[in-house]
Amino acid sequence: MAEVVVYASGELLAAAAAARLVTRLVDLQSAKGSASLVLTGGGTGIAVLEQLRRSPARDAVDWSRLDIYWGDERFVPADDDERNEKQARAALLDHVPVDPERVHAMAPSDGEFGDDVDAAAAAYARVLADNAQPEDHGDVPSFDICLLGLGGEGHTASVFPESPAVYETERSVVAVRNCPKPPPTRVSLTLPAIRRAHDVWLMTTGEAKADAVALALSGAGEVQLPVAGAQGRRRTLWLLDRTAASKLSHVYQPPTA
């Protein structure tokens with residue numbers, strides 16, 4: 001059963017998500033020594049990282065014992081401002097002592113695979129397989145937390161409605177072409193890979209997302225609404241602002257004071 005928490009504004013959502021993230025990462029590291037986190041791009045995802053950077057509590061996390069992955073990436077050159085990795089580094093990763101070998105970025109279009117997006121996707125699948133442990137029972141790590149956003153038409157990561165990616169059941173990472181929103185070429189985790197995460201946090205703001213949110217939480221199918229298939233093995237948490245939640249009822253809203 002999904003949990004839903006609604007905040008008065010996008011700014012409050014980002015700050016609260018950052019605080020939740022610190023708490024959860026510290027708890028995980030205390031319990032087992034390390035943790036793994038899947039990052040997302042988009043306005044809300046990057047805002048959370050910026051809030052985390054500004055928080056004094058960020059130093060409670062042992063950043064050297066955190067494995068960092070991405071749910072998807074725009075297949076553009078490494079220095080392109082649209083690249084999720086570049087935005088995440090500017091927002092947070094360049095400001096904390098991460099272990100470079102534990103930051104698992106997807107290849108850019110001017111990287112070792114050139115413009116071969118299929119090779120880039122296959123390489124990231126190998127990265128996941130190489131980092132999976134025997135207890136994961138497969139070729140994808142059991143991510144501790146997977147952060148995701150969603151589009152107004154219901155996509156998450158770069159899995160779009162009725163696209164080839166949404167039908168994928170075998171591969172963990174796929175090349176995505178002809179995306180309905182630019183840039184058109186991307187690399188993305190598949191829904192089965194996302195569902196390997198213990199916790200999936202879906203974060204979004206704005207009235208344009210309200211229909212997709214309501215449909216996903218009312219049992220829509222993942223082919224027409226891929227975000228409906230983004231579920232954690234332990235927990236699925238929706239963090240919304242009031243406008244994104246405007247077509248829901250009976251959800252928890254923290255005090256705004």
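The following conversation goes through how some labels in this predicted model are assigned.

Visitor: Why is Asp115 called exposed?
Guide: Exposed means over 50% relative accessible area, buried means under 20%, and partly exposed is in between (1.4 Å probe, protein chains only). Asp115 has a relative accessible area of 69%, so Asp115 is exposed.

Visitor: Where does Asp115 lie, and what does Asp115 touch?
Guide: Asp115 is in the loop between α3 (84-91) and α4 (117-131). Helices (H or I, at least four residues) and strands (E, at least two) are DSSP runs, numbered from the N terminus. Leaving out residues up to four places away in sequence, Asp115 touches Phe75 and Ser109, where contact means heavy atoms within 4.5 Å. The C-alpha atoms of Asp115 and Val76 are separated by 8.8 Å, and these residues are 39 residues apart along the chain.

Visitor: What makes a set of residues a nonpolar core?
Guide: The members are buried Ala, Val, Leu, Ile, Met, Phe, Trp, Tyr and Cys residues, joined through side-chain atoms within 4.5 Å. The largest such core here has 82 residues, and Trp238 is among those with the most contacts inside it. Helix α1 (residues 10-32) gives the largest share of this core, nine residues.

Visitor: Which residues are in contact with Trp238, leaving aside neighbours within four places in sequence?
Guide: They include Ala2, Val5, Leu150, Leu202 and Val227.

Visitor: Are Cys146 and Cys179 buried or exposed?
Guide: Cys146 is buried, because its relative accessibility is 0%. Cys179 has a relative accessible area of 10%, so Cys179 is buried.

Visitor: What makes Asp81 and Lys86 a salt bridge?
Guide: A salt bridge is a side-chain nitrogen of Lys or Arg within 4 Å of a carboxyl oxygen of Asp or Glu. For Asp81 and Lys86 the N to O value is 2.6 Å, and the side chains meet in a salt bridge. Asp81 counts as exposed because its relative accessibility is 57%, whereas Lys86, at 34%, is partly exposed. The whole structure has 15 salt bridges.

Visitor: How many residues separate Arg89 and Glu85?
Guide: Both lie in helix α3, four residues apart, about one turn of the helix. Glu85 has a relative accessible area of 13%, so Glu85 is buried, while Arg89, at 26%, is partly exposed.

Visitor: Which parts does the pair Arg195 and Glu222 tie together?
Guide: The side chains of Arg195 and Glu222 meet in a salt bridge at 3.1 Å, N to O. Arg195 is in the loop between α5 (191-194) and β8 (199-204), and Glu222 is in the loop between α6 (210-216) and β9 (235-241), so the pair ties together parts that are 27 residues apart in sequence.

Visitor: Which residues do salt bridges that share partners join into one network?
Guide: Glu73, Arg83, Glu85 and Arg89 are joined in this way.

Terms used. Residues are numbered from 1 along each chain as its sequence is written. This is a predicted model: local features need pLDDT of at least 70, side-chain atom pairs count only at pLDDT 80 or more; totals for chains, interfaces and linings use all residues. Side-chain values use heavy atoms; hydrogens and water are left out.
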